Amino acid sequence: MDEARKTLPAVSVAVVRDDTVLLVKRARQPSQGLYAFPGGKVEAGETLEQAARRELLEETRLQAENYRPLREIHIDGRSDDHPVDYRLTVFGATYAGGVAVASDDAETAAFYTLAEMSVLPLAGSVFAVADELLGPENRLAADKLFGHKGL
């Protein structure tokens, strides 16, 4: 019988700039070597949004605004031989400034189009979230979500 696994809160943030979204190549488990949105564990006393802002800054040195929760995902750490599971809240946000510089546990950090993402090794539902934000049929919905045109 499986022992109950600990589940920790975590966040990631899909930062949109024009027709691109920010991805980092993960340098550590979980999802080492895969491209994902910047993010990580929520620290004690942080709200989910505060954690998303901190993780974005730590991993990429970028600023974003208009943070909105998009979805919640359960990540089973056993697939990466990780000792815990995560309840990941994925945020969407709009680029507000800075130059992407990989740091902390990010190996690379850059903005990608959907076409560019289609050939990258992506973590979990990264492409589906990016498509919701960038896909042509979803552009109007993303504009409404973030409160302005021309993401």
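**Exercise 1.** Are Y35 and Y112 buried or exposed? Determine also how their rings are arranged.

*Solution.* The model is predicted: local features need pLDDT of at least 70, side-chain atom pairs count only at pLDDT 80 or more, and totals for chains, interfaces and linings use all residues. Residues are numbered from 1 along each chain as its sequence is written, and side-chain values use heavy atoms, with hydrogens and water left out.

Step 1. Buried means under 20% relative accessible area, exposed over 50%, and partly exposed in between (1.4 Å probe, protein chains only). Both Y35 and Y112 are buried.

Step 2. Rings of Phe, Tyr and Trp (its six-membered ring) pair if their centres lie within 6.5 Å; planes under 30 degrees apart count as stacked, over 60 as edge-to-face and the rest as tilted. For Y35 and Y112 the centres are 5.9 Å apart with 80° between the planes, an edge-to-face pair.

**Exercise 2.** Classify the ring pair of Y95 and F111, and the accessibility of each residue.

*Solution.* Step 1. The ring centres of Y95 and F111 lie 5.7 Å apart and the planes stand at 90°, so this pair is edge-to-face.

Step 2. Y95 has 27% relative accessibility and therefore counts as partly exposed. F111, at 13%, counts as buried.

**Exercise 3.** Describe the largest nonpolar core.

*Solution.* Step 1. A nonpolar core is a set of buried Ala, Val, Leu, Ile, Met, Phe, Trp, Tyr and Cys residues joined through side-chain atoms within 4.5 Å.

Step 2. The largest such core has 21 residues, and V21, L23, F37, M117 and V126 have the most contacts (heavy atoms within 4.5 Å) inside it.
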